[in-house]
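Please read this briefing with the structure open beside it.

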Amino acid sequence: MYDPWVTHEFTVTDLMAMRSGLATGSGEGLCGMGFNRSFLMHSLRYMQPETSFRSAYAYQNLPFLWAAALVENKTGKSWEENIQEKIFSPLNMSDSSTDQRSFQQAQDVAYLHVKKNGKIVALPMDQNSTDWVYTIGPAGGINSNIEDMAKWLCLQMNNGSYESRQLSSKNTIQYLQSPKTVMNTISTKNNAYYCQGWMYMEACPYPIVFHKGGTQGHSAIMAFVPQAKIGIVILSNVYGDSQPDYLMFRFLDLYFSNNAWDDVLEALKPMNTSKVQANASTSMQTDSPLAARPLETYVGNYSNQTLGIINISQDNGILILYAGPGKLKIPLMPLEGDNFSLSKTGASPVAAFLVVDENKMEGVEIRGGRLFDLFGNNIWFQHTND
């Protein structure tokens, strides 16, 4: 970690309890650039904390790569092999896998979808940008279906037992499901906590254990009430929608007939409306400012000691930034002066070029946003002569 003392004190429990001190989602912008697991794990040491260690909840994905590495070091087998041998096979999760090829070649599979300008749009099955899902698979990226996930749910609800076989100790399951870190919550009357890869929320008549997640084109949520031995799994083939969350809390209200989640359900309703409105307003933005200088001025390679080379090229009158080994393609939209937005909405992050005498390019600073989330909000790339 950035602080040597935190590195020395950091435990597996800290990792799984989301209390590292890093900002929410630190470094996740790097995942879509083609960097491998080793690079992403190493990058954590450059990320400056937002809070003190163990003082606050903030959701992370990259630290789970270290959890996988610990499993691999202990067993001598890959994380993927362990998932197959320790979870998929014992639970007979025959339609679950951990690799992209299995997803692409499956006979019966839900295509990826996203919301774009207020509409649901299907993504191509071979889209290269989904590679990152499998790179950070230990953070929750597997291929599965409702039947297989129900088997995993049964294991969790029955204290590690499945079909009369004790696959994990009762103490281990209870430790994983018990509160470790206080969380914020959308409910005004229910305290929530992060456990060890699970969330725990106080409720009437019983607390619920749940978790949600999403990758490009998919969303999922799972919840169960251990005391009542009931649970629900909701899988959606569209990302960026609160419907799975809404359905989960609605299910709990219907089952217990107590309207305990009225405030949550009400809070989730406007989320969908605001997202559609935001998409609609984005599609109506047509102003296209001009760059301060000829685009050729900005073209070239730029180097950062940790992140390597980014390339900025010109294509049909638009600057394109290519980042990482996977050459992630990001259009640069002109703002004011030598500043360009990496977002079509004109929002952050912003590429701020530094030009000295006679249009000589010095470098570019990426400001704000979470794309290059290493050294705080601003990251410098020096112009090279290559």
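The notes below take the backbone and then the cysteines.

This is a predicted model, in which local features need pLDDT of at least 70 and side-chain atom pairs count only at pLDDT 80 or more, while totals for chains, interfaces and linings use all residues. Residues are numbered from 1 along each chain as its sequence is written, and side-chain values use heavy atoms, with hydrogens and water left out.

**Backbone**

- Most residues other than glycine have a negative phi, and most peptide bonds are trans.
- The bond between Cys-204 and Pro-205 is a cis peptide bond, with omega about 10°.
- Pro-205 lies in the loop between β7 (199-201) and β8 (208-215); helices (H or I, at least four residues) and strands (E, at least two) are DSSP runs, numbered from the N terminus.
- Ser-257 is not a glycine, yet its phi is positive, near 50°.
- Ser-257 sits in the loop between α10 (243-256) and α11 (262-283).
- Asn-259, also in the loop between α10 and α11, has a positive phi near 50°.
- Ser-257 is exposed at 63% relative accessibility, whereas Asn-259 is partly exposed at 45%; buried means under 20% relative accessible area, exposed over 50% and partly exposed in between (1.4 Å probe, protein chains only).

**Cysteines**

- A disulfide is a covalent bond between the sulfur atoms of two cysteines.
- Counting a pair of cysteine sulfur atoms within 2.5 Å as a disulfide, the model has zero disulfides.
- The cysteine sulfur closest to that of Cys-195 belongs to Cys-204, and it is 19 Å away, so the two are too far apart for a bond.
- Cys-195 is buried, with a relative accessible area of 0%.
- Cys-31 is buried, at 3%.
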